[in-house]
Amino acid sequence: MTSPADLSLVEAEPSDDERLFDELVANEQRIEPRDWMPDAYRKTLIRQISQHAHSEIIGMQPEGNWITRAPSLKRKAILMAKVQDEAGHGLYLYSAAQTLGITRDEMMDQLISGKAKYSSIFNYPTPTWADMGAIGWLVDGAAICNQVPLCRASYGPYGRAMVRVCKEESFHQRQGFEILLTLMRGTEEQRQMAQDAVNRWYWPSLAMFGPPDDQSPNSAQSMKWKIKRFSNDELRQRFVGMLVPQAEILGVTLPDPELRWNEDTGQYDMGEIDWDEFFEVLRGNGPCNAERLERRRTAHEEGAWVREAAAEYARASSRSARSATGDTTGAA
């Protein structure tokens, strides 16, 4: 006769699907949309990919603010191309999330209702042209550092989408660096403007990697599933190591008086990030949270007629195609 203890062992035995999933992840093979996956894995991916997509879409606003005010036609064309890239990134990522069973409408409703999160970095203002340089160098630089490992994410559609995203983000980072370099070679007023922008964006860009590892509830499991490859603190340290020599070339000062090389650890020691500010912005109380979300909500509402017209055109085209082939299945 089987004892209760024996029954608990039987119940805890992983299923064939679970074993196959674990084996694929362990062997660095991709999980595809039709493969079996744990519900928690699916939910984690939907949360992460949709938040990533939302960040790309909301992230168009701070830079779009400067398209009509860029200092030259060349700068305007480059900035327009960059903002267009961000829109494309959002579309790639929404499409990747849809393979997990959530619809585009559901994701957009979650965003404009305030239920879904997006990167807190996009809730800060952009008062000067130098902000375009600081966003490119710091924000897009942090994005590259965070996202290149995602090209190897265990979920196939996400990893493949990130390949193109990272290539384009690399251009964005170089564009921001070049804006700052040009300003730092300009007048004293331009140099001060560049330094001020770096001062304002440096700490929020470090916070982009998320809370410290001991305060990040999702990181460990995401790394176990090989969605993420490195912890928040590892990525942050890697990013700072990239910034220091670049800052020397630019001639800007990173606004951290505690930043210094540690020979013993082979890494940079740095000051403490203001995590109270980070969480306050994340809760919706940042300088531009309400403005950014309201603008997205308004754009969504004003674009309803375009979506309706496109849907009706698709239905009419489908009816015409069926009629031409004599297929009346599904005809109204």
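## Close-up views: salt bridges and a helix pair

**View 1. Glu13, Asp16 and Arg19 form a network of salt bridges.** A salt bridge here is a side-chain nitrogen of Lys or Arg within 4 Å of a carboxyl oxygen of Asp or Glu. With this rule, the count is 19 salt bridges. Please keep in mind that this is a predicted model, in which local features need pLDDT of at least 70 and side-chain atom pairs count only at pLDDT 80 or more, while totals for chains, interfaces and linings use all residues. Residues are numbered from 1 along each chain as its sequence is written, and side-chain values use heavy atoms, with hydrogens and water left out.

**View 2. Lys82 pairs with Asp140 in a salt bridge.** The closest N and O atoms of Lys82 and Asp140 are 2.6 Å apart. Lys82 belongs to helix α5 (residues 73-98) and Asp140 to helix α7, so the pair ties together parts 58 residues apart in sequence. Helices are DSSP runs (H or I, at least four residues), numbered from the N terminus. Lys82 counts as buried, at 0% relative accessibility, and Asp140 counts as buried too, at 5%. For these labels, buried means under 20% relative accessible area, exposed over 50%, and partly exposed in between (1.4 Å probe, protein chains only).

**View 3. Helix α7 (residues 130-147) packs with helix α8 (residues 156-184).** Their angle is about 145 degrees and their axes lie 7 Å apart; axes are lines fitted to C-alpha atoms over the stretch in contact, and angles run from 0 to 180 degrees between N-to-C directions. The residues in contact (heavy atoms within 4.5 Å) include Trp137, Asp140 and Ile144 in α7, and Glu169, Phe177 and Leu180 in α8. This contact divides into 12 nonpolar, 8 polar and 2 charged residues.

**View 4. Within helix α8, Arg164 meets Glu168 in a salt bridge.** The N to O distance is 3.2 Å, and the two residues are 4 apart, about one turn of the helix. Arg164 is partly exposed, with a relative accessible area of 49%, whereas Glu168 is buried, at 15%.

**View 5. Glu291 and Arg295 form a salt bridge in helix α13 (residues 289-302).** Their closest N and O atoms are 3.9 Å apart, and about one helical turn separates Glu291 from Arg295. Glu291 is partly exposed, at 40% relative accessible area, and Arg295 is partly exposed, at 44%.

Definitions and conventions
Ala, Val, Leu, Ile, Met, Phe, Trp, Tyr, Cys and Pro count as nonpolar, Asp, Glu, Lys and Arg as charged, and the others, Gly among them, as polar.
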